[in-house]
Structures are given as structure tokens and as C-alpha cells.
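Keep your viewer open and try each task before reading its solution.

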Amino acid sequence: MTTTSASAMVNEHGKVLAVKKIELNTTAISDIPALLDRFGVEYNDVDIANWPEYNKQTPVAQFRIAHTGSNIVINYRATESSVASTANELGWNVWEDACMEFFCSPADDGIYYNMECNCTGSVLLCGGAPGTERPAAQPEVLNTIKRWSSLGREPFAERIGTCTWQVVLVIPSSVFFMHNVDNLDGKTFRANFYKCGDKLQQPHFLSWNAINNPKPNFHLPQFFGTIVFER
């Protein structure tokens with residue numbers, strides 16, 4: 001697996017990433033990685049080990065992101081020493097599995113969303129302000145997210161041994177249930193991307209944008225970078 005990564009600009013919040021606009025048309029979700037290749041959408045490394053004591057065997061983890069105006073398209077890929085997919089379809093405890101995550105704030109109002117996805121495409125999505133009770137998206141909202149996984153969609157217990165996997169998510173802007181994001185063109189989100197596996201044989205916590213906190217914690221919007229959706 002190549003680890004070629006896009007270069008991100010930097011501002012006062014850290015990394016800044018331009019999100020290319022593409023057309024999906026009738027593309028099958030399993031064909032989206034090849035489509036992103038054709039559009040030249042590059043991978044970005046999730047490789048910052050903010051807490052090195054937890055990263056004895058650091059996975060290779062990457063994401064690439066594009067949009068259609070009404071949907072966000074994310075393609076995750078990772079190579080790690082073991083994988084597991086034990087969370088149910090509602091996504092509870094996905095962070096304990098081989099997991100990659102997209103946290104974002106669509107507006108400057110203190111509200112952020114955590115979208116956490118394991119290696120077979122089970123998704124947890126919650127929204128709200130830090131330090132408050134943050135409700136989870138209802139099943140009818142989660143069901144609007146299209147998913148594909150190179151490992152299939154069935155859960156399984158931890159498998160020991162090097163494994164490379166990919167997931168594709170096609171995320172309608174309507175999933176941001178505390179906001180009215182009708183069109184992504186020209187929008188700017190604060191965001192971060194993560195790789196974790198709390199209950200794997202080698203727990204790890206990696207981020208795209210750096211987190212300055214003494215203990216592992218992804219729920220810190222002040223350390224989000226910036227993503228800008230092109231028109």
C-alpha cells in the first residue's frame with residue numbers, strides 16, 4: 001500500500017485541507033476508491049501520536065475526502081496488526097474496534113459531531129456541545145449514510161495478524177441533525193480525523209491534527225483543523 005499523502009496548509013488552528021468537488025452520478029459505492037483515484041483525490045495521513053505510550057505498534061492510517069455539494073465522501077484505509085468489528089449496527093462502542101473517525105463543527109456555535117466508523121462500516125454519530133449530554137443520531141438518520149467495506153459488513157471478533165482494510169462513507173449533509181447544512185459548496189468546517197482501537201491487542205490513538213492534551217481525548221474541538229469545501 002502506498003503511503004503517499006496530500007500536503008495540507010496550516011493556519012492558527014493547525015492543518016487546512018481543501019475538499020475537492022466531484023460527481024458521483026450512478027457510481028456504485030464499491031467503485032468510489034477508483035473514482036477518487038481518477039479525480040486525483042489524495043490520501044492524508046492520520047499519524048500524529050499525541051500519546052506515544054499507547055502507540056507501540058502504530059498502524060498506517062489514512063483518509064481522503066471529497067464532496068458532491070450535498071454529500072461528503074470519505075475513503076478510509078488502514079494497515080494494522082489486528083482488526084476487530086464487534087459493534088452493532090447502531091455503532092455503539094465502535095471505538096473499541098479497528099476504527100477511524102471524523103469529528104467536525106459545521107458552524108461557529110460550539111456544537112460538534114463525532115462520526116465514528118469501524119472497519120466494517122458500523123457508524124456512531126452524536127452531536128452537541130462539549131461537556132453536555134450529546135444525543136445520538138436516530139437510526140433513520142444513520143441509514144442515509146451509504147457504506148462499503150473491503151472486509152464486508154458482518155461483525156467479527158479480533159483477528160490477529162497484519163490486515164489492510166478500506167471503508168467508504170457517502171454522508172448526506174442532512175446527517176448534521178443540529179444544523180441546516182443544505183449545500184456544502186464554499187462551506188468551511190473545523191474538523192479532525194482519528195484512528196483508534198481501544199480494545200485491540202495494541203491500543204492506539206492517532207490524529208490528523210495535533211491534540212495538546214495529557215491523556216487520550218478526541219472530544220476537544222479546540223484542536224480541530226480546518227476543511228474547506230470547494231465550489
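This is a predicted model: local features need pLDDT of at least 70, side-chain atom pairs count only at pLDDT 80 or more; totals for chains, interfaces and linings use all residues.

**Exercise 1.** Find which residues line the largest cavity, and sort them by class.

*Solution.* Start with the count: the structure has 1 cavity of 30 Å³ or more. Next comes its volume, as the largest cavity holds about 30 Å³ of space. Now select the lining, made up of Q57, P59, E80, S81, S82, L200, Q202 and H204. Sorting by class gives 5 polar, 2 nonpolar and 1 charged residues.

**Exercise 2.** Describe the second largest pocket: what is its volume, and which residues lie nearest its centre?

*Solution.* The volume of the second largest pocket is about 200 Å³. Its lining consists of 15 residues, and W95, E101, E116, F218 and H219 are the ones nearest the centre. Then look at the elements: β6 (99-105), β7 (112-118) and β8 (123-128) each give two or more residues to this lining. Finally, the classes are 9 nonpolar, 3 polar and 3 charged residues.

**Exercise 3.** Which members of the largest nonpolar core touch the most other members, and what does Y76 touch?

*Solution.* The largest nonpolar core has 45 residues, and I72, Y76, F193 and I227 touch the most other members. Take Y76 and set aside residues up to four places away in sequence: its contacts include F63, M100, F102, W165, V167, L169 and F193, along with E101. To finish, find the second, separate core of 15 residues, with C99, Y112, C126 and I211 among them.

Conventions:
Residues are numbered from 1 along each chain as its sequence is written. Side-chain values use heavy atoms; hydrogens and water are left out. On a 1 Å grid over the protein atoms alone, a cavity is a set of points where a 1.4 Å probe fits but cannot get out, and a pocket is an open set with protein on both sides within 12 Å along at least five of seven lines; lining residues have an atom within 4 Å of a point. Grid points are joined across faces, edges and corners, and a volume is the space filled by probe spheres set on the points. Ala, Val, Leu, Ile, Met, Phe, Trp, Tyr, Cys and Pro count as nonpolar, Asp, Glu, Lys and Arg as charged, and the others, Gly among them, as polar. Helices (H or I, at least four residues) and strands (E, at least two) are DSSP runs, numbered from the N terminus. A nonpolar core is a set of buried Ala, Val, Leu, Ile, Met, Phe, Trp, Tyr and Cys residues joined through side-chain atoms within 4.5 Å. Buried means under 20% relative accessible area, exposed over 50%, partly exposed in between (1.4 Å probe, protein chains only). Contact means heavy atoms within 4.5 Å.
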